[in-house]
Structures are given as structure tokens and as C-alpha cells.
Amino acid sequence: IATSDVFTLRHFPLQMWGKVLSKVKKAVVFMDDKCAETLHWSGGAAALFEAGAKNVKQFSSFEACSADEPKAVFVVSTLLKGRTIDIIKDVISLSHFQYCVVITTVAHSVHLVANHVSVEMDGNPVFEQFEEKLCEWMGNMNYTAEVLHVPVVLAPVSQHLILSPQFAQLFPLLSPDLDTINAKRPEKKRFASLGDVDLNSLPAELQIEVKHLASALNSMFETTGTRAESFAVGPMSRIIAGELANHPQAKNRRKTAQNKASIIFIDRTMDLTGAVGHHGDNLVEKIFTVLKPLPGHVTDVQVDMLELTALQRSPLTQNILAPGCLAQSESSAARSLWEAMLTSKQKEAVLEVRRQLVEAAGKEKLPIKMSMGRVTPDQLCSYVQPFQGSRGALESHSGVLQLGLATAQTLRHPSLARWDACLAFERLLLQALGDADFPSVLRQLLPLMKPREGEGVSGSGRGADECSPDELVLLLVYLYSLADEATPTDRENEEEELERLERELIGALTLVVTKEVELSPLLQKLTGCSSPEELTMACAHSAMERMFETLRGLSQSRDQLKQLRSVYTPSDGIHQANYRPFLRQILEEVFNPDRPECPDIEHIMFMKVSRPHPRDNPVLFLFLVGGVTPSELRLIKEAVSALKPATQVLVLATRLLRPTDVPELLFATRRLTPDIGV
């Protein structure tokens with residue numbers, strides 16, 4: 001979205017990969033999964049080979065090189081400590097390198113913090129010491145070693161969206177986290193709320209991750225000569241925004257930078273209803289929900305490529321082909337199709353998929369049978385199949401073909417029917433919230449918690465109209481994030497009733513989970529068990545208790561806000577009750593000139609100056625801490641189109657969310673011990 005008359009912020013990720021590519025000529029490249037995913041959206045492995053790399057390998061102690069491969073480049077997303085150092089040493093000791101380059105996405109200043117160095121130092125002593133170690137491991141101090149910081153942490157997923165996959169597990173603080181933090185503090189110094197928590201009170205590992213993210217964003221603004229005004233909505237966002245605003249280079253840019261931007265950090269926990277609900281009319285959201293994730297990635301899926309071959313579907317051909325994917329940076333047609341799929345309504349996106357497949361077949365003069373009306377999966381596949389016999393046509397249009405196949409495979413997926421069923425029940429719950437207290441609404445979930453009994457019609461042991469454990473967990477998150485919207489009655493009795501009801505729900509859900517014949521990825525992460533045989537009743541009950549402890553805190557997420565406390569409009573007798581997306585409210589507050597300044601969008605000031613407004617600058621970043629959904633991207637696009645601001649809007653997020661990602665982040669991810677190698 002950044003145009004030549006503003007500045008090239010959007011091209012920063014590609015600029016950073018250019019620095020890596022300048023080092024890979026005649027080298028074997030070892031890369032960890034997080035950096036590989038970022039590269040995946042910035043040209044992929046092809047970019048490395050075009051820059052002269054001899055080979056690309058996984059960053060693993062089980063990899064090595066032969067005697068005729070003297071140069072290695074390691075690209076890692078972690079601190080140069082602990083396991084990361086061990087792996088580099090293992091690879092070098094099994095190889096015959098004479099030239100080693102180590103590139104880390106973590107800045108030298110963050111390495112100093114991780115090594116408990118509080119004073120500023122000249123040069124890069126941590127990196128220089130590691131260069132000596134590399135030469136020592138290579139066996140000759142005269143060999144060449146380089147250690148560099150290059151912040152390849154941002155992935156340009158679309159024209160309007162940049163993700164940071166390396167921070168995919170970063171999630172806003174929750175009530176149980178406050179308890180964990182306070183447990184290590186003297187009683188008189190304990191925090192009353194999450195809003196009081198500061199960076200220095202976080203566990204060391206999380207401090208490092210926040211500093212890593214702030215440093216990466218600072219590099220983007222520094223490289224593009226941009227002065228960024230930081231704003232925040234939510235406790236975690238305030239901490240990150242404060243770290244960015246107080247970065248030493250940010251202080252200098254306030255005096256010299258020619259370009260200006262605003263960045264609003266928003267905690268995902270301000271609106272989890274939008275993240276787990278099924279109200280999003282978006283094709284990519286459904287693709288992400290039903291297709292399997294690409295191995296090692298959080299922001300792409302596996303596309304079955306069998307339709308593009310003459311192979312017959314059988315157990316023998318199941319894993320014979322490498323999967324396709326959604327990241328298609330080579331073809332301009334594929335890029336435009338991806339944009340349409342990501343930010344349009346589902347019907348419009350599916351029609352565009354059909355149009356582009358027909359157009360591609362027409363360019364190659366391939367025979368297809370045209371049909372109008374409703375687009376079906378079989379119809380889309382019939383447009384793909386003529387490409388089988390033409391290698392040139394396959395290569396020319398592979399991006400569009402992969403996106404077309406992803407669409408067809410999603411539309412014909414058996415689990416897609418559950419999407420509308422979940423949406424219907426969510427709408428019933430929305431209506432009920434305006435007419436009853438929270439326990440009464442929550443009780444409506446109890447009859448849905450039925451353990452599986454034998455084999456169902458589909459062979460899954462569950463009828464088509466019955467909820468799976470994953471869906472039940474999503475409904476619980478949906479309801480608890482709206483708990484404050486319910487009609488209150490007798491507060492004291494309501495609290496007692498809620499406690500009794502939660503005990504019933506925990507028991508019912510424990511029974512449901514223990515009767516599963518196969519544990520979904522979500523259940524595996526919730527319970528810590530990989531198979532039903534491992535899952536005991538006690539283990540399942542303990543996992544459900546922990547889950548409800550976190551759920552109780554969700555209803556308080558917006559308690560600290562003064563104005564934007566509700567994401568719900570009750571029925572007025574004429575119109576049905578509605579969900580009001582938090583992001584839309586934020587954009588209306590920012591871009592509606594008739595609105596006074598919103599007190600909930602807090603400006604993070606370096607010093608006491610007049611308070612700027614987020615719309616004052618030509619570019620506005622919305623940074624979603626905890627992720628953004630594809631349907632929210634469409635919502636942002638539509639809101640900006642309706643409000644017609646002079647400011648251009650670009651979305652940054654830690655990840656692109658599918659509904660089941662949210663309970664994993666809420667309940668299963670250890671948020672206070674992120675994996676950064678400390």
C-alpha cells in the first residue's frame with residue numbers, strides 16, 4: 001500500500017532479504033523454520049538459488065556438508081545462545097568449512113540484554129567473540145567468519161498485510177499470567193491489574209521477545225527514514241509500543257526523519273469473538289480452516305496437486321507429490337487472485353478464481369467446457385485438468401492453478417458443512433445474551449456436550465448435527481469473550497450459579513474428550529497427550545479446569561477501557577442482536593472527524609508534548625498482537641473504503657488466524673516462556 005509518493009515501507013522485508021542473498025553465493029544455506037516461513041513469502045528458496053546458493057538445508061545437528069562445499073550461511077531467528085550454538089557447532093564439526101556466515105534476526109543490543117549487560121558498548125562484541133568461536137570450530141583461525149544481524153522477521157503476505165511469523169506464539173497477557181507474575185513479587189508490590197504490568201516485571205524470556213519485536217519494527221522505520229507515533233489499546237500492546245517509542249534510534253528519528261507514520265498496537269484479547277466466530281464471509285478463512293497446515297508453517301496450507309497429474313488417487317499416490325501452497329510471489333495474475341481471495345466476499349472470490357482459470361486456459365488454447373451460474377468444485381477442477389498434458393502451461397500458470405485447487409478442495413471438504421451450523425448456533429447465543437443472564441446463556445451449551453457413542457453415519461462416531469470437542473471449545477471462547485454483554489440480574493446468586501454450572505461443564509467436557517477415538521491437534525495441545533491411550537480422566541479433567549480458569553479472565557479483557565467496552569448491540573425488537581467488530585470501532589474512532597479523541601487509543605509519549613492523532617500522518621499501521629483473521633482484513637478494507645481517509649492503512653500482525661489457533665494460544669501455549677533460545 002505504500003506508494004512512491006509516500007515511502008517504501010512495504011518493501012522493507014524484501015530489502016532485508018537482499019542483504020541475506022548478497023552472502024549466499026557458492027554457499028550451502030542452513031535455515032530454521034521461522035526464517036524459512038518468512039522467506040516463503042519473499043521469493044522462497046528460488047531466491048536463494050538465483051543468488052548463487054549451492055543447496056538449502058534444515059537448521060539441524062543432523063545436517064552436514066561434503067569436502068567440496070567450503071562455505072556455509074546459517075540464518076536463524078534466535079539468540080546466539082544455547083541450542084542454537086550447539087547446532088551450529090555440530091554442523092561445522094561434521095563438515096569442512098573455510099568460510100562461515102551466521103545471520104541472526106536478533107539485534108546485538110538484544111544479545112547484550114540477554115547476557116545481562118546493561119551498559120552501552122562500542123562495536124558488536126558478542127558477535128565478534130562468536131566469529132572467533134566459528135574459526136576455532138572450523139579448525140583454523142585464518143579462515144573467514146562473519147556474524148551479522150539482519151531483521152528478516154516480516155513477511156509481505158499481501159499488498160495490505162505484513163506478518164511476523166517469528167512472533168506467531170506471542171499473545172496478550174491474561175489473568176493467569178498476572179497471577180504468575182505476582183507470585184514472584186513481594187505482596188506490597190503486586191499488580192492490581194494487567195494494565196499495571198510493565199516490561200521489567202515480565203519474565204526474562206518474554207522481555208527478550210518484546211525487545212526483539214520492537215527492535216525489528218525499529219529497523220523498518222530506521223531503514224525507511226520514518227518517524228512513527230506509537231499508540232496502544234491493551235496492556236501487552238502498551239508494553240510493546242513503549243519499548244518501540246523508547247528505542248534509542250527512535251529518539252533520534254524524531255528530530256531528523258523525513259517520513260511520518262502512526263502505528264496502533266491492539267491486543268487480540270480486546271475482541272476474541274471476531275477471531276473464533278464463523279460470521280466471516282471469506283474464502284481464505286475457510287481454506288485455512290479445512291486444509292492441513294504446510295509443515296513447519298503457521299501461515300500456509302497444503303494444496304493437493306494430484307489433479308495436475310495423470311496419477312490415480314490411491315494409498316500409493318497419497319504422499320508421492322509435494323504439496324502446493326498459497327504463497328505465489330512469481331506470477332502477477334496469481335498475486336492479484338490472492339488479493340481478491342483474501343479481501344473479498346466468498347462469492348466474489350470464487351467467481352474471480354473461475355474467471356482467472358478460464359483466462360489462463362484461454363491463453364494456452366486449452367479446451368474447457370464453459371458453464372455459467374453457481375461455481376462448483378467439480379467445475380473448477382474441470383478447468384484445471386486440461387493443464388495436465390502441457391508442462392509449459394503448468395509452469396506459466398502454476399500459481400493460479402494452486403489457488404484454484406485450494407478453492408476447489410475447500411468447497412468440497414466434508415467439514416465445511418459444519419461452518420454454517422456453528423454460525424447458526426452463534427447467532428442464537430447472540431440473541432440470548434440480550435434476554436438473559438450469563439449463566440442462563442452458557443447453560444445452553446450443556447446439551448451439546450455429548451460423548452461419542454459408537455460409529456456414526458459418517459464413520460466418525462458423531463452425527464452431522466453434533467458438535468466436536470474443538471467446536472465446543474470455540475463456542476466457550478465465543479461466549480466468555482461476550483460475558484459482560486449479558487443482561488445482569490442478581491449478581492451474588494449469578495456468581496454462585498456460574499460456579500456450579502462451570503463444574504458441570506468441566507465434568508461434561510472431560511467425558512466428551514476422554515471418549516474421543518482420535519485426538520485433534522487442538523486436544524493434543526490442550527491435554528498434552530498425543531493419543532487417547534495416554535489421556536486419563538484425571539489428565540483431561542485437569543486440562544479442562546485450567547481452560548475454564550483462563551476463560552473466566554476473558555470477560556474482563558475490556559474492563560480497563562473507558563469507551564470501547566462493548567462489541568455487542570442487543571436486539572431492539574426490529575433488528576436482531578449484532579456483533580460489533582472491535583477493529584471497525586477503532587477505525588471509526590480514528591477516521592471520523594466528528595468524533596472526539598478516543599481515550600482508549602493511548603498515545604505512547606517519549607516526553608510530554610501535545611498529543612498527536614493517529615490520522616495526522618500519511619500512513620497508519622494497525623498491529624494486531626496475537627493475530628488477525630482474513631475476514632477482518634476484508635472488514636478493514638471495507639471500513640477504509642467507506643470512511644475515505646487521506647491516510648493509507650497497512651495491517652501488521654503476528655500471524656493470520658484460523659479459529660482453532662485462538663484456543664491453542666489461550667490455553668495450550670506457554671505465553672510466558674516463548675522459544676527464543678534464552
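Student: Does threonine 550 count as buried or exposed?
Tutor: This is a predicted model, with residues numbered from 1 along each chain as its sequence is written; local features need pLDDT of at least 70, side-chain atom pairs count only at pLDDT 80 or more, and totals for chains, interfaces and linings use all residues. Side-chain values use heavy atoms, without hydrogens and water. Relative accessible area under 20% is called buried, over 50% exposed, and in between partly exposed (1.4 Å probe, protein chains only). Threonine 550 has 7% relative accessibility, so this residue counts as buried.

Student: Which residues is threonine 550 in contact with, leaving aside its neighbours within four places in sequence?
Tutor: Threonine 550 lies in helix α23, residues 537-554; helices (H or I, at least four residues) and strands (E, at least two) are DSSP runs, numbered from the N terminus. Contact means heavy atoms within 4.5 Å. With those sequence neighbours left aside, the contacts of threonine 550 are Leu174, Pro176, Leu666 and Phe667.

Student: What is included in the cover over the buried residues of α7?
Tutor: Helix α7 spans residues 175-183, and its buried residues are Pro176, Asp177, Leu178, Ile181 and Asn182. Pro176 is also among the contacts of threonine 550. The cover over the buried residues of α7 includes α23.

Student: How are the rings of phenylalanine 265 and phenylalanine 623 arranged?
Tutor: Rings of Phe, Tyr and Trp (its six-membered ring) pair if their centres lie within 6.5 Å; planes under 30 degrees apart are stacked, over 60 edge-to-face, and the rest tilted. By this rule there are 9 aromatic pairs. The centres of phenylalanine 265 and phenylalanine 623 are 5.3 Å apart and their planes stand at 35 degrees, so the pair is tilted.

Student: How many residues apart are phenylalanine 265 and phenylalanine 623?
Tutor: Phenylalanine 265 is in strand β9 (residues 259-267) and phenylalanine 623 in strand β13 (residues 619-625). Phenylalanine 265 is buried because its relative accessibility is 0%, and phenylalanine 623 is buried because its value is 0%. The pair links distant parts of the chain, and its separation is 358 residues.

Student: What kind of aromatic pair do tyrosine 480 and phenylalanine 548 form?
Tutor: This pair links tyrosine 480 in helix α20 (residues 469-480) with phenylalanine 548 in helix α23, 68 residues apart. Tyrosine 480 is buried at 1% relative accessibility, and phenylalanine 548 is buried at 0%. The ring centres lie 6.1 Å apart with 85 degrees between the planes, and the pair is edge-to-face.

Student: Which residues of β13 are buried on each side?
Tutor: In a regular strand the side chains alternate between the two faces of the sheet. In β13, 7 of the 7 residues are buried, so the strand is largely enclosed by the rest of the structure. Both faces are covered: on one side Val619, Phe621, Phe623 and Val625, and on the other Leu620, Leu622 and Leu624.

Student: In what order do the 7 strands form the open sheet?
Tutor: Two strands pair if DSSP finds at least two bridges between them. β9 and β13 run parallel, joined by 6 bridges, and β13 also pairs with strand β14 (residues 648-653) in the parallel sense over 6 bridges. β6 and strand β7 (residues 161-163) instead pair in the antiparallel sense over 3 bridges. The pairing in the open sheet is mixed, and its order is β6-β7-β14-β13-β9-β8-β12.

Student: What is the volume of the second largest pocket?
Tutor: A pocket is an open set of points on a 1 Å grid over the protein atoms alone, where a 1.4 Å probe fits, with protein on both sides within 12 Å along at least five of seven lines; lining residues have an atom within 4 Å of a point. Grid points are joined across faces, edges and corners, and a volume is the space filled by probe spheres set on the points. For the second largest pocket the volume is about 940 Å³.

Student: Which residues lining the second largest pocket are the closest to its centre?
Tutor: The lining of this pocket has 35 residues. Its largest share, 7 residues, comes from α8. The closest to the centre are Ala107, Ser109, Val110, His247 and Pro248.
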